[in-house]
Amino acid sequence: LGTRLKCFIKILMRAIRVSEFGGPAVLKLCSDVPVPVPGPRQVLIHVRACGVNPVETYIRSGGHGRKPTLPYTPGTDVAGVVEAVGDGVTAVKAGDRVFTTATVSGGYAEFTVAAEDCVHWLPDALDFPQGSAIGIPYFTAYRALVHKARAKAGETVLIHGASGGVGVAACQLSRALGLRVLGTAGTPEGMKLALSNGAHLIFNHREEGYTDKIMEATGGAGVDIIVEMLSNVNLSKDLQMMAFGGRVTVVGARGSIEINPRDTMAKESSIMGVALFCATQEEKKECAALLYAGMEAGWLRPIVGSHYPLEKAAQAHHDIIESPGAAGKIVLTI
């Protein structure tokens, strides 16, 4: 292993580097980046695909609470093949197909290093693009529904943005948990996608009065849980659609919004933030166990939307924010 790792130091790879915070154009493809070397309990992965998440655009812009040291390589959700492992690694070995929930050196690259506890075996039934659509979306959906909202079979959930990466994951997971699943999307394609991935009913959130239709679908009782991807637009309306004791889980936001706190008092509803990086090791293991059960049962089916080559990472960052409607996970193929 020592000889192999020394060889990696001399090898250069292609990777996206960010040297300043700003718009998508700050994502630069470099061809002279040294291949990282795994330390103790770390895994070196030959990346075949890497998922693109909205939070990565916020971090890149400099407007997020977490600001990595410049320069850096973005990316957390990779899928690929284990190239080498550091001292103490026992969960995986060279040649294994894997996916990750986080990386140390960044996933928009030909090789990445990840901590052993963030590396998971990828079943043969899923290809690499699908593998790169598991990490953040499915673990976030589980955290929102189970760890935060304490979802119970028989409850009604509304998934705002049900056609995106987290939205599709939340639809599939909600259906598996025995929930009545309502979803919203902004395009006919997105609405069809949500319906085919677990939603019982779907609503176009670009239509005037769509919230009235949602309330009608609940018989006026409201929804028990809302998984919210764009809280700076929807949160005030969400609170008015709550059932008694309802819970809003905030997965995404692109700014601020004004709400009336009385809307929470009338039905004793709750607003909860969701941040995957706050999850404990025990919570991550619990989530992984359920997701593996979903892979075995066949209900966990990652939906990949647009594919971009590594050199088009800037376009992918533009499109994930500016596209009229999501349709599965955006993925970089390496």
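The following legends describe close-up views of a predicted model. In this predicted model, local features need pLDDT of at least 70, side-chain atom pairs count only at pLDDT 80 or more, and totals for chains, interfaces and linings use all residues. Residues are numbered from 1 along each chain as its sequence is written, and side-chain values use heavy atoms, with hydrogens and water left out.

View 1. Six strands form an open sheet with parallel pairing, in the order 10-9-8-11-12-13. Strands (E, at least two residues) and helices (H or I, at least four residues) are DSSP runs numbered from the N terminus, and two strands pair if DSSP finds at least two bridges between them. Strand 10 (201-204) and strand 13 stand at the edges with a single partner strand each, so one side of each is left without a neighbour in the sheet. From one strand to the next, the twist averages 20°.

**View 2. Strand 8 beside strand 11.** Strand 8 (residues 156-159) and strand 11 run parallel and are joined by three bridges. Val157 stands opposite Ile225 of strand 11. Helix 7 packs on the sheet, where it touches strand 8, strand 9 (180-185), strand 10 and strand 11. The direction of helix 7 makes about 160° with that of strand 10; axes are lines fitted to C-alpha atoms, for helices over the stretch in contact, and angles run from 0 to 180 degrees between N-to-C directions.

**View 3. Helix 4 against helix 5.** Helix 4 and helix 5 (residues 165-176) pack at an angle of about 55°, their axes lying 8 Å apart. Residues of helix 4, among them Tyr138 and Leu145, meet residues of helix 5 including Val166 and Leu173.

**View 4. The surroundings of His147.** His147 lies in helix 4 (residues 135-148) and is buried, with a relative accessible area of 10%. Residues up to four places away in sequence not counted, His147 touches Tyr142, Glu283 and Glu286.

Methods:
Buried means under 20% relative accessible area, exposed over 50%, partly exposed in between (1.4 Å probe, protein chains only). Contact means heavy atoms within 4.5 Å.
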